[in-house]
Every structure is written in structure tokens, then in C-alpha cells.
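I opened the file to look up a few places in the chain. My notes follow in the order I took them.

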Amino acid sequence: MSDLLDAARAGDHDAFGELVTPHLRALHLHCYRMLGSYADADEALQDTLLRAWQSFGTFAGRAPLLHWLYRISTTTCLKALHRRGRQPVLTGEVTHLQPYPDAALPDPAAVVEQHETVALAFITALQRLPATQRAVLILRDVLVWSSAEVADLLDTTVAGVNSALQRARATLQSDHVRRAAPLSDQEREVLDRFLHAWRRCDIPALAAVLREDAILNMPPEHAVFLGRQAIADFFATVPAGGKLDLVQLVETRANGHPALAAYLPTDDGVCRGYGIMVLTVADGQVATITGFPDPEIFRYFGLPGTPPQMPE
């Protein structure tokens, strides 16, 4: 390790790459939590690596390399938020939100442990926080930094960090952000019922899978459908004109939740990627559906532009 550090400090880019590669997934996820967008996280990670390479000669090794990289990625994200003028928004107005594939997590096998801090509700709620509060909450509650470390990074006081953390936690509590259950046998059964009803165009059966107070939203659109009947009416009329059997669904996972990639028929009769629905399940029914109508995100999930297989 010391030889690699010396080589990287001397300008050996291959040595630098070997040092930072094990940390890329963790850094990307950190940028995603800060920015709420997979695409923006890609850009922030590249900026982070460029800044780290340019300043690697200053890395003294007194702290772990990942800690140093987190410092750079946090300031990179804060600069990006300032540059793009993103202000705290209402939950339904988070237009830049994108899902995060489970397969891209630093340790996909540990998704149960990571679930609370990658859950879509948590990521959405983070976007409501002012940039500095967002950074403080992520650094303190997710990365478990000390208040003194955060204060040093943000050039503020420990008291200022603790105050910002208290306000951020209060905001998340007011948004009722809670730990969602990991994938269970019950969740599997609910997803199977949803898919079965969808493929049979059975709107009553589809409605029965939904909670009475279920919510459907589709960022960046501001449209929100509240309640079982409103969502059932939407599915009965909008996707493929209500002919749901024409819409092919392929299972995936995002933000620790079950998700479905939707392929819609085009004028040439071929189903092509349209968007991804992320579902949360509570008490044996679907509680929320967050739809992302953007075929560009399919590549983040390693999904092809046309269905990989026909549904059973």
C-alpha cells in the first residue's frame, strides 16, 4: 500500500486508479444521496476523481483514503447544488429524482442493512433539506462521522453542526421517513399478485393489491394519484390505453425495493423501454408506486432497450 501511495503521489495514474477503484461504489452512492439523481452522481463522481487526482500529492495518509475521498465528494456535491441553484422542495416537486439499482450498491448482498439509507422515501426527503443540512445529516447519520470532523469539512463549529443535524432530523421526522421492510415472502407474494393482475388486465384484482391510501407519483411530472381507486382508474385508461397485457414488465430492484421495468409497444409493434416503477409494500399491499418515465435509466440497471424475455 505504501508503495502505491508513493507512486500515486509521484504522478502514477495507474497506481492512483488501483487505490481508488475499491471505493468507487461507495463514493457514487454518497453522491447519489446528496444529489438524488443517478446521472448527477455519475458527473459528481468524475469531478471528485479529477479533483482527487489533481490534489493527491497533498494526501498525507493520516486518515483513511476513503475518508479523504468523502471530503472531496461532499464539497463537490455542495458546489454542484450551489451551481445549479437547487433549493429545498416539497416532496412532490423533486423533479430530478432517479432510482438507484440495488446491483450498484457498494455491497448488494448487504441491502437489508443498507436499506434505510437508500430507500426512496429517505432519498426524496433528503432533497427537501438545504444543502448544508443534507450534507451534515448524511455525514453524521449515514457515514457516522463525528461532529468535529463534519465541522472541519464544512468550515463551521461543532455547535453549528449539531444545530443543523437537529433541524435536519426534525424535517425527516415530520416527513414520516421510516425504515421500510426488506424483501420478504409477503412482499414476493404481493409482487406476484400485482404482476398476475397486470398481465390479465384485471383492474379489480390490481386494485385489490393496492392499499386504500396508496400513492402513485411520476417524477419529474407533478401529477400525483392518491388512493386505490384513482390509481386503478389510471391503470385502466392510460398505459397502452388500458391494455396492460401489451405492456411487458420485467422485475428488477431499486433503492432496496422491488421494481418493475415497463416496456411499451411502439408504432412498429415492438415493445421498447419506457420507464421503471419502484414499489413499496406495507401490510401485505402496495403502499406507493413511484414511476420514472425515462428509458435512459434502463442502462443504469443493465436492462436492454427491448424486453429480455417474454413474461410467463
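Which residues of helix H2 (residues 13–20) are buried? I noted first that this is a predicted model. I then found the buried residues of H2 to be Ala 15, Phe 16, Leu 19 and Val 20. They cover an arc of only 125 degrees around the axis, so they sit on the same side of H2. The general rule is that an α-helix has 3.6 residues a turn, so residues three or four places apart point the same way.

I looked next at what lies over that side. The cover on the buried residues of H2 includes helix H1 (2–9), helix H3 (24–35), helix H4 (38–54) and helix H5 (65–84). On the face turned away from the buried side I found the exposed residues Asp 14 and Glu 18. I also checked the N-terminal end of H2, which Asp 12 caps with a side-chain oxygen 3.0 Å from the backbone nitrogen of Asp 14.

Is Phe 301 buried or exposed? I located Phe 301 in the segment after strand E6 (285–292). Its relative accessible area is 13%, and buried means under 20%, so I count Phe 301 as buried. Leaving aside neighbours within four places in sequence, I listed its contacts as Pro 99, Tyr 100, Pro 101, Thr 252, Arg 253, Ala 254 and Ile 276.

My last entry is on the surface. I found Leu 226 in strand E2 (residues 224–226). Leu 226 has a relative accessible area of 60%, and the cut-off for exposed is over 50%, so Leu 226 is exposed. With Ile 215 and Val 224, Leu 226 makes a nonpolar surface patch of about 250 Å².

Technical notes. Residues are numbered from 1 along each chain as its sequence is written. This is a predicted model: local features need pLDDT of at least 70, side-chain atom pairs count only at pLDDT 80 or more; totals for chains, interfaces and linings use all residues. Side-chain values use heavy atoms; hydrogens and water are left out. Patches are made of residues with over 30% relative accessible area and no salt bridge: like charges are joined within 9 Å, nonpolar side chains (Val, Leu, Ile, Met, Phe, Trp, Tyr) within 5 Å. Accessible areas come from the Shrake-Rupley method with a 1.4 Å probe; for residues, only the protein chains shown count as cover. A salt bridge is a side-chain nitrogen of Lys or Arg within 4 Å of a carboxyl oxygen of Asp or Glu. Helices (H or I, at least four residues) and strands (E, at least two) are DSSP runs, numbered from the N terminus. Buried means under 20% relative accessible area, exposed over 50%, partly exposed in between (1.4 Å probe, protein chains only). Contact means heavy atoms within 4.5 Å. The arc is that of the directions from the helix axis to the C-beta atoms. A polar contact is a pair of N or O atoms within 3.5 Å; within protein, one must be able to donate a hydrogen and the other to accept it, and residues adjacent in sequence count only if both atoms are side-chain atoms.
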